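Hi,

Here is the structure I said I would pass on. Have a look at it below, and then read on for what turned up.

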Amino acid sequence: MGLPGDTNLELLNYIGSTDMHWVGNSNELNAAYAADGYARIKGCPGVILTTMGVGELSAINGIAGSFAENVKIIHVITATGRAAQEKRVMIHHTLGDSPDHRIYAKMSSPVRVAHCYLDDEDTAVAGIDRVIRECYIHSRPVYIYVPVDMAHKSVAASALDKPLLLTRPSETAAEQAAVDAVLGAIYSSKNPVVLVDSLILQLGLKPLVRSFLSNLEFPTFCPFMGKSVIEESKPYFHGTYNGKFSYPGVQKAVEDDSDLVIHIGPLPTDMNTGGFSAKIDPKKLILLQETKVNFKGELFVGVYLESFLTRLSNYLDISRIPKTSSLALPALPPSPPNSEAKDLFITQSHLWPRIGKFFRADDIIFSDGGTCHFGLQDAEFPDITYIMQNHWASIGYALPATFGGAMAKRDLTNSKAEGWNGVKGGGVGRVIFITGEGAMQLTVQEVGSMVREQLDVIIIIINNGGYSIERCVVHPDAAYHDIATWNHKHMLDFFGAEDGAARTHQVHTEVELEAVLTRPELEDPKGVHVLEIFTDKMDFPWRLKAFGKAYQVMKGS
């Protein structure tokens, strides 16, 4: 992923002599998002190539999102030559008089875990190996700077014979002590529950966690960002736990009725905790975190999640697991009457359960935040891969990420391999992107990349007349929530797709929606297809309304 520029042309020229596939993007921010989506599906680092300064800084927002959400990215930046750096030449892409050509490395320092400058043939290979290892063990971005005059330098091929250690073992005594403590709590519990959260997905642990849960069969819930970790058809799955934004009875079952809560891969952000309304007694809470275990307030440090879960599963004595009865949660409330829009027009309460029925097993779903993510919590998922960026929450992320994810799926299909978290390359799974028309406008250029690469993608646009999540939070009638009106009927044609208008559908009513969702070409899409769904701009998913109220409380409004 990336863009060509004057300093990287020599390096780019070598790609043609390898089995690598160069994928150009419309801008560097989109390239960073796309590399993130690629990594989340395939499991290996996504790689982005930019020029120093203007290119690398354009990408930094996307890199920051990958850092915040534990996504492996290798950002290669081609820099000015070593002599120009030493003489501080006032060349383009530099700042001021006698410029420091390496100043941009200081700007990216907070959003990476390692970097190297390849300015010495004798140390270049070791530098590359070091940062790749750091990328894997921390599951976060790294930077590699390549001076333009280093692109043609040769290094010893024998360095490739030395395998990289890409995992980090736990401190054995601490890990075993934590395993013993957790197993003791499991065996003695009467009303245990499990929360499955986002770090499971970001660290590629979904198959391991699913196997562990199938042995426990404890009542299981997911916070917002843990949706799709567990198969929702399992009898022990009881829906989304998001503090007071949960369905009736869920918060009480987790916080009051349980005597043990095991929270796997927690990410306690505002979005993931119901505006910090999730309150679990720390005396009964076990947090299985990325680098430590918090056992009811006692810390076991240097204990890494994958290693710990593997040992915990191996030591689990199934005969000692307490039998738990199914939770008796209150019945879900009936759907609200269609009062916010005219009869037959599509409402949020109708839309999201219907979208859930449109999904099928092995689909890969990318969703932007805001209305879409709040609404999709009310969709019952089959066994899919669901990707959204709810922590960093950068509007427009999901479209380029979908492009990267679709590229990864094609690579997996061609290699007949399985990707991250059990993603299947072949089979009947589709790539589906869901967004609002506001987020669409930020990164729409990558639709052209989808068309160029001949990818099979279904784009679903929820057109609700502007920035709905902000409109729901404060001052709903303010003009700054409104955006330019685009006619998406012509979008595919504009980006060069054949028969683009014929593969674009716009619906306003439930009947029209049903007719499009059941069309054969959406069952097995070839090329890019677009479905634009119009809803009332003052109609919000109920969880989004609750978040809006909580946000006002947090801000003192």
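**Salt bridges and cores**

Arg452 pairs with Glu453 in a salt bridge, with 3.3 Å between the closest N and O atoms. Arg452 is partly exposed at 45% relative accessibility, while Glu453 is buried at 12%. Bear in mind that this is a predicted model.

In total, the structure holds 24 salt bridges. Another of them links the side chains of Glu69 and Arg40, at 3.0 Å from N to O. What does this pair tie together? Glu69 sits in the loop between helix H3 (54-68) and strand E2 (73-79), and Arg40 in helix H2 (residues 28-42), so the bridge connects parts that are 29 residues apart in sequence. Glu69 is buried, with a relative accessible area of 0%, and Arg40 is buried too, at 10%.

Asp524 and Lys526 also form a salt bridge, their closest N and O atoms being 3.8 Å apart. Lys526 counts as exposed, with 54% relative accessibility.

Now for the nonpolar side. The largest nonpolar core has 54 residues, and those with the most contacts inside it include Met1, Ile41, Phe403 and Met450. Setting aside neighbours within four places in sequence, Met450 is in contact with Leu399, Thr402, Phe403, Leu455, Val457, Ile459 and Val528. There is also a second, separate core of 40 residues, with Leu216, Ile286, Leu305 and Leu312 among them.

Cheers

How values were computed:
Residues are numbered from 1 along each chain as its sequence is written. This is a predicted model: local features need pLDDT of at least 70, side-chain atom pairs count only at pLDDT 80 or more; totals for chains, interfaces and linings use all residues. Side-chain values use heavy atoms; hydrogens and water are left out. A nonpolar core is a set of buried Ala, Val, Leu, Ile, Met, Phe, Trp, Tyr and Cys residues joined through side-chain atoms within 4.5 Å. Buried means under 20% relative accessible area, exposed over 50%, partly exposed in between (1.4 Å probe, protein chains only). Contact means heavy atoms within 4.5 Å. A salt bridge is a side-chain nitrogen of Lys or Arg within 4 Å of a carboxyl oxygen of Asp or Glu. Helices (H or I, at least four residues) and strands (E, at least two) are DSSP runs, numbered from the N terminus.
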